[in-house]
Amino acid sequence: MVLQHFKDVLDIILYSYLFYISFYNLVLSIAGLKDREIELEKGKYLFTKVLILIPCYKDYKVILETAKYAINQDYPRDNFEVVVIADSIPKNTILDLKSLPLVVKEVLFKNSTKVKALNKALESVEGNWDAVIILDSDNLMKSDFLRKFSFQFSKGSKVIQGQRLPKNSNTEISFL
């Protein structure tokens, strides 16, 4: 009898815990359905001076497209700078990058890491920047990203994470 009572108590605790987790996830899922497109209010924020760093290690096939998206922002050009940190990139790709209105920092390490590349670039960057954005070499920024970023930054946000969307949304993996 005592054993059955103990089992019933354990069942109640387990089912309560599972209900709590399920309910919590349901609430978060419903909240995530809300469209949170940021409405930019004219004159309500200052243009943040932004440094965009793109560390690139051997990704020479995608870096040109990423760099072109990064410089084509609907944002005052004197308020942002794009720096591509080129590590083990072919010379012809570096020449193509240098033809764009951005800065190319060439680095070469025995054991390359993203942190080493970022630190090296930050050591040599000139200018006074309010914020730094770090992109992977295959990330494409929408043309209004810097406006939305600046709006959030001017409201006091210290860390802002963009939403990464897959290029091809018709595959099983990109759906996940």
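Modeller: Let's begin with surface terms: buried means under 20% relative accessible area, exposed means over 50%, and partly exposed is in between (1.4 Å probe, protein chains only). Also, this is a predicted model: local features need pLDDT of at least 70, side-chain atom pairs count only at pLDDT 80 or more, and totals for chains, interfaces and linings use all residues. Residues are numbered from 1 along each chain as its sequence is written, and side-chain values use heavy atoms, leaving out hydrogens and water.

Colleague: Okay, then is Glu 106 buried, exposed or partly exposed?

Modeller: Glu 106 has a relative accessibility of 39%. Because of that value, it counts as partly exposed.

Colleague: Which residue does Glu 106 form a salt bridge with?

Modeller: A salt bridge is a side-chain nitrogen of Lys or Arg within 4 Å of a carboxyl oxygen of Asp or Glu. In this pair, the closest N and O atoms are 3.2 Å apart. The partner is Lys 91.

Colleague: And which residues are linked with Lys 98 in a network of salt bridges?

Modeller: One of them is exposed, at 58% relative accessibility, and that's Lys 91. The network joins Lys 98 to Lys 91 and Glu 106.

Colleague: Which residue makes a salt bridge with Asp 136?

Modeller: Asp 136 is in the loop between strand 4 and helix 5, and its partner is in helix 4, 22 residues apart. The closest N and O atoms are 2.4 Å apart, and the partner is Lys 114.

Colleague: What is the order of the strands in the open sheet?

Modeller: Two strands pair if DSSP finds at least two bridges between them, and strand 1 and strand 4 pair in the parallel sense over 4 bridges. Within that pairing, Leu 53 has Ile 134 in strand 4 as its bridge partner. The open sheet has 4 strands with parallel pairing, in the order 3-2-1-4.

Colleague: Why is one side of strand 3 and of strand 4 left without a neighbour in the sheet?

Modeller: Each of these two strands has a single partner strand. One side of each is left without a neighbour because both stand at the edges.

Colleague: How many of the 10 residues of helix 5 are buried?

Modeller: Among them are Leu 146, Phe 149 and Phe 151. The buried residues pack against strand 1, strand 2 and strand 4 (contact means heavy atoms within 4.5 Å). Helix 5 (residues 145–154) is largely enclosed by the rest of the structure, because its buried residues number 7.

Colleague: What kind of aromatic pair do Tyr 20 and Tyr 24 form?

Modeller: Rings of Phe, Tyr and Trp (its six-membered ring) pair if their centres lie within 6.5 Å; planes under 30 degrees apart are stacked, over 60 edge-to-face and the rest tilted. The count comes to 6 aromatic pairs. Tyr 20 and Tyr 24 both lie in helix 1, 4 residues apart, about one turn of the helix. Their centres are 6.2 Å apart with 25° between the planes, and the pair is stacked.
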